[in-house]
Amino acid sequence: MKRLSLYFVLGFLFAIGILIFFTDDAKALDEKNCLSCHGNEGLTKTTEAGGKISLFVSEKDVNTASHRYIDCTTCHSEEPHDTASPLNKLSLAEKCGTCHQYEYRLHLSSVHGQQLLQGNPDVATCVDCHSQEGSPHSVIRVLEYNAPTYKKNIAGTCARCHDDAELMADYGIVEKVYESYMRSFHGKAIQLGTYEITQLDKATCTNCHGFHDVKSVRDPVSPVAGLDNLAKTCEQCHAGAGVEFASGFLGHKEASTDNVPAVHYTELFFTIVLITVIAFGALVVVAAIVRFTINKWRA
Amino acid sequence: MSAMAQAASLAGSNEEKISRFDVHQIIQHAGLMVSFVILVFTGLPLKFHDWAISQWWVGVWGGIEVTRTAHIAAAWIMLAVCLYHVFYLLYTILVKKKPFPVKIIPGPSDFREYYQEMAYYLGFRKTRPLVDRFSWKEKFDYWAIFWGMPVMFISGFIMMYPVFVTKFLPGWFVSAALVAHSDEAMLALVWIVLVHIFFNHFTPGHLPLNTSIFTGKVNVKKYREEHALEYERMTGKPVVEKPVEGVPPGQVNLPDGKM
């Protein structure tokens, strides 16, 4: 009996040992052993122009990427070492589009895709939003909490470009879209909510502007172009909302004498009341504190 | 100290209490206080949404849906308390035929009282002003609610039912309501913390808690100091010294340093 319990204990420890020493993260599929060279951080190649390009592929990233069970050669097809592959944003999107055809077509119709077709390298394409590092090797699924496309993170992902005043100035986007969104009820509700998907049923950038087919607000087919379109977009959540409801939106801008002046004057009025009354109260309190302190000190 | 004032002071031993508030007023204040605190605790994280503590605090409540529900529930309680007060007022005047509470209505005496109080704090006067049933600060607190409550209720209602409201009102009302709600709330909170709590609880003689609004009773001696004019009327014992040459009239005959 004693011996039996000893076996049990040993077996238990052995099992724990296996769990501790032989667990490993899931490994990405690498049938051609590409990572034995490309997993090396120092691996570079010199282009014809004389520039150095890193050929490093982070094994850590690939192991957690959503495509980890798709072999390297699925995308880097045929003879990867012999094929001259043009490496630009458009070719990257095309590659994603060989499988994700629907999303690719929507993307090409979007303001980002249209610019991409015209050779503008500034715009976002697939990997810019779907990977934290903007790398096709670390694309993760939309519903993972740390995905840049997870609902709670979307505004921050758009902000990577759209909160860059210098970059946006080139496109005539002068509104501080990220800041004003975060100040809005939608932004506050997303920010103050947790990561649970049940708490994320609030509008973020993509709910109004679209995502794969995101349109410029100057494009008449944009869901936010004009009050009629905007009202229809509001209605998706605010049942029965009309044009009048939509007209209350300040349009990512501060209220001013030019932009919804009534709100601007309301703000001015309440700010003056607030400052006057509090200054008056503070004066009395400070005077009282001084007097009571002197009284105490003299006593 | 005059003989008369001494007698009055002797009469007002520590045990004796004067009834200042009735049970309805105690309930109304308690209801207002509890709902106000809940509203502040569930509303502030929205105002300071980018502070890390706000996100933690909303998490403590169990998410933004919970704070929103609590905020709305507390708002309805506050509205109920205000309606209770209005009906209580009408009932006491119209049914019980009690005189209209004129003492809460602001008048020129409040400006005099304010001026005298500031003069005392700044060292231009030896004594604090004589106060009737309500001090100017109490009147300010009371009437501020008559301004603040409608602002908060209307703006809050607009934000609760924006789609419904914009069927009748222009769309900018919703954006304006947010501004009004947010600023008026800050005004109320800062005033309550800075002025109301300071003068009612943190001043010498009251620290740490002035219980009069919770028990309805005030110590006779304290009453004589704080509401001298009403005390005189109630007891017939004058607190004010007869005018003496060289001493300006209207000074309270209290030991120095007391209030």
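Colleague: How many residue pairs are in polar contact between chain B and chain A?

Modeller: This is a predicted model. The count takes pairs with both residues at pLDDT 80 or more. Between chain B and chain A, that count is ten.

Colleague: Which helix of chain B gives the most to the side that touches chain A?

Modeller: Several helices of chain B each supply at least two residues to that side, among them helix 2 (23-47) and helix 4 (64-95). One gives the most, with 16 residues. That is helix 8.

Colleague: How do the residues on that side of chain B divide into nonpolar, polar and charged?

Modeller: In all, 52 residues of chain B are in contact with chain A. They divide into eight charged, eleven polar and 33 nonpolar.

Colleague: Which residues form the salt bridge across the interface?

Modeller: The rule finds one salt bridge between chain B and chain A. A salt bridge needs a side-chain nitrogen of Lys or Arg within 4 Å of a carboxyl oxygen of Asp or Glu. Here the closest N and O atoms are 3.1 Å apart. The partners are B:Glu65 and A:Lys202.

Colleague: Which three residues supply more of the area that chain B buries against chain A than any other three?

Modeller: The area buried between the chains is about 3,900 Å², and carbon and sulfur atoms give 76% of that area. Three residues supply 14% of chain B's part. They are B:His49, B:Tyr121 and B:Leu187.

Colleague: What covers the buried residues of helix 5 of chain B?

Modeller: The buried residues of helix 5 include B:Glu113, B:Met118 and B:Tyr121. Their cover includes helix 6 and helix 8 of chain B, together with helix 16 (261-298) of chain A.

Key
Residues numbered from 1 in each chain as written. Chains lettered and ligands numbered in written order. Predicted model: local features only at pLDDT ≥ 70, side-chain atom pairs only at ≥ 80, totals over all residues. Heavy atoms only, no water. Contact = heavy atoms within 4.5 Å. Buried area = accessible area lost by both parts, 1.4 Å probe. Polar contact = N/O pair within 3.5 Å; in protein donor to acceptor, adjacent residues only side chain to side chain. Helix = DSSP H or I, 4+ residues; strand = E, 2+ residues; numbered from the N terminus. Nonpolar A, V, L, I, M, F, W, Y, C, P; charged D, E, K, R; others polar. Buried < 20%, exposed > 50% of the residue type's maximum accessible area, 1.4 Å probe, protein only.
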